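Colleague: Hi, could you walk me through this structure? I'd like to start with the inside.

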Amino acid sequence: TALTGLPLKILLDQASSLVHEVLDVDYCGILETQPSYGSTKLISGMGWKPGLVDIAHLSGSDSYSRAIIVGEQPVVVHDFHSQKQFTMPSLFREHAVVSSAGVNIPGQHGPWGALFAATRTKREFTYDDVVFLQLVANTLSSAVMRNDTEQQVRHQALHDTLTGLPNRALLLDRLQQHFARATRTGVDVAALFIDLDDFKPVNDTLGHEAGDELLMAFAERLGTLVRPTDTISRLAGDEFVVVVEEPEGHSVSRAIAERISDGLSEPFRLSNGMVTVSASIGIALASTADNPETLLRNADAAMYQAKRSGSGKCAIFDETLHTLHLQHLQLKQALRGAIDHNQLRVLYQPIVRVNDHSISDVEALLRWEHPDLGLLSPKEFVGLAEDSGLIIPIGRWVIDQACQAASQWHRIQHRKITVHINLSPRQLSDTDLVEHTKSALQRHELPGHHLGFEITESTLSTDTEAAIATLNQLKKLGVHLSIDDFGTGYSSLSYLKQIPMDEVKIDRSFIEKLGTDQHDQAIVTAVVRMTDALGLQVTAEGVENQRQLRQLQDIGCNSAQGFLFAQPTTLEKITTLLEKPSTIPPVEGQRLHLSTDVSPPTPQWDFSAHS
Ligand code: C2E
Ligand code: CA
Ligand code: CA
């Protein structure tokens, strides 16, 4: 037991020399069974020809070594030449062994190996000799078992329990070794950051067990798509990293990324169905980073970029990407503060009747007055707000502002204007949307039909049933509902029967070439006819010139919105516009003299009080 604190290999060697000395034999050895069954290895020993220990394999076909390993009892052979019971190991024959005594070394799961002593001259091994061998073997046995347990614990600490793949800690350790070596060898490595595109829906709709099954199946398939020398690791959730050597002038990592994408075209067979997923992959070279953490961060940034350009894409990290990623993170951080610091504005753009240019409705459009970057359009931050969930409080704030504005026009100016608000997918699936809308209408004493929500076709497609339920509830409040950007999504009017819609807004891209493009002209005509037939209102978006306006009149589209009439403008300006005159003359090039129109209004409403 005094020996047990030592590493196993040293302990084995000490046991060999102890046996060699105490029993005063020519040879002694320790055999270890090998995972490939039927073979054993001389892992430690004394007296043998040089170069055999740790190398010599006993085939296991001799019955002697098998007997000492598998047998419960010590096996003693006084003279190999005068017995018929055991065949001799070739190792013994080469060393002219005559007598031998051996005992087994039990391991955690069956026999681990054997300890034996052998002589060139005939020797009668005594009872005491065998007891001594047995004692040494017992000590070795407990050391072996403890070593196994330690290895298991170490394995568990460094591997992912679900897939058995190296975890983040082991990956970082292996990358660290690369960084230590890189300057010497000059070989670069690439990290491929892989993120499944559709994991969340699988997990949400099929359940966690299916999710786990998918991750395991994916890990397994990944193993078949990369080379055995490449490291595969699971970082967390559906994030995997593959590390490959990237010799200069080759594009190993790109080829592997392609192979992974191709390899995912085949569906995964899970216990309750088939699932096909794609993966977004970001690649970064170790030479672009100083340490393993940065390398992973760079690969992650590239993956993020790949994801933004659609699913199943691959992107390679470079510095500009990195800067973009950082800016993105900073922007997200700043957006959190935007609400509290009163940096959000709502602008209003009139929607006019085509026949007399009078204002019928107004659309509320969000802006963020960023302290350093200036006025940001929704394109630059609504996506961020969606991702982070901030769209919910921001959206509520917009609803409140718009209701307050509309109520003011009603009460003070007696203008019955409907104010339209854009809803993004996350807002529509917010279970409190209906309640919040109701209370905003009540608070500002605004009749429901003077509030409108605009929803794109793609928003409707995310969770159609829940969306329809919400829309029906909103309809009960009297809220006006429009399909926004019509023509850019499914462009199917069939779902309009299921959804309580009042209006279709034709996307700007179709209006743009009205009067010059026959095709667009035909589409707009068809949409106007169909909406007429369905009893829906129709509005043309993005009307910028007289040519387009004339075409709309010809087609019979009776509502329009665009720079030809007015830019989105501040609450004060729109309020003035609503006073007099009640019609706005169409003026081409409005964009030019109104674009700097946005002076920040003094905040009229403290957000925090209502959130
Ligand atoms: P949208 O709903 O299609 O809004 C119309 C967009 O077209 C507005 O851009 C408006 O400024 C622009 N526009 C209007 N007339 C013309 C024109 O004649 N020519 C051109 N080229 N553009 C015109 P904006 O304000 O940048 O908003 C962009 C998008 O952001 C909106 O598209 C809407 O989808 C979204 N959005 C705006 N406000 C909000 C909001 O409060 N919440 C949410 N969730 N989304 C919003
Ligand atoms: Ca809109
Ligand atoms: Ca639109």
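Colleague: Which residues touch the most other members in the largest nonpolar core?

Modeller: Y348, W409 and L460 do, in a core of 79 residues. A nonpolar core here is a set of buried Ala, Val, Leu, Ile, Met, Phe, Trp, Tyr and Cys residues joined through side-chain atoms within 4.5 Å; buried is under 20% relative accessible area, exposed over 50%, partly exposed in between (1.4 Å probe, protein chains only). This is a predicted model, where local features need pLDDT of at least 70 and side-chain atom pairs count only at pLDDT 80 or more, while totals for chains, interfaces and linings use all residues. Side-chain values use heavy atoms, without hydrogens and water, and residues are numbered from 1 along each chain as its sequence is written.

Colleague: Which helix gives the most to this core?

Modeller: Helix 12, residues 391-413, with 11 residues. Helices (H or I, at least four residues) and strands (E, at least two) are DSSP runs, numbered from the N terminus.

Colleague: Switching to metals, what are the protein donors of the calcium ion (ligand 3)?

Modeller: D484 (OD), D485 (OD), E541 (OE) and E541 (OE), at 2.1 to 2.6 Å. Donors are N, O and S atoms within 2.8 Å of the metal (3.2 Å for Na, K and Ca); water is not among the atoms, so sites may look incomplete.

Colleague: What does D484 bridge?

Modeller: D484 bridges that ion and the calcium ion (ligand 2), with 3.9 Å between the two ions. D484 sits in strand 19, and E541, 57 residues apart from it, in the loop between strand 21 and helix 19.

Colleague: Is D484 buried or exposed?

Modeller: Buried, at 6% relative accessibility; E541 is buried too, at 10%.

Terms used:
Chains lettered and ligands numbered in written order.
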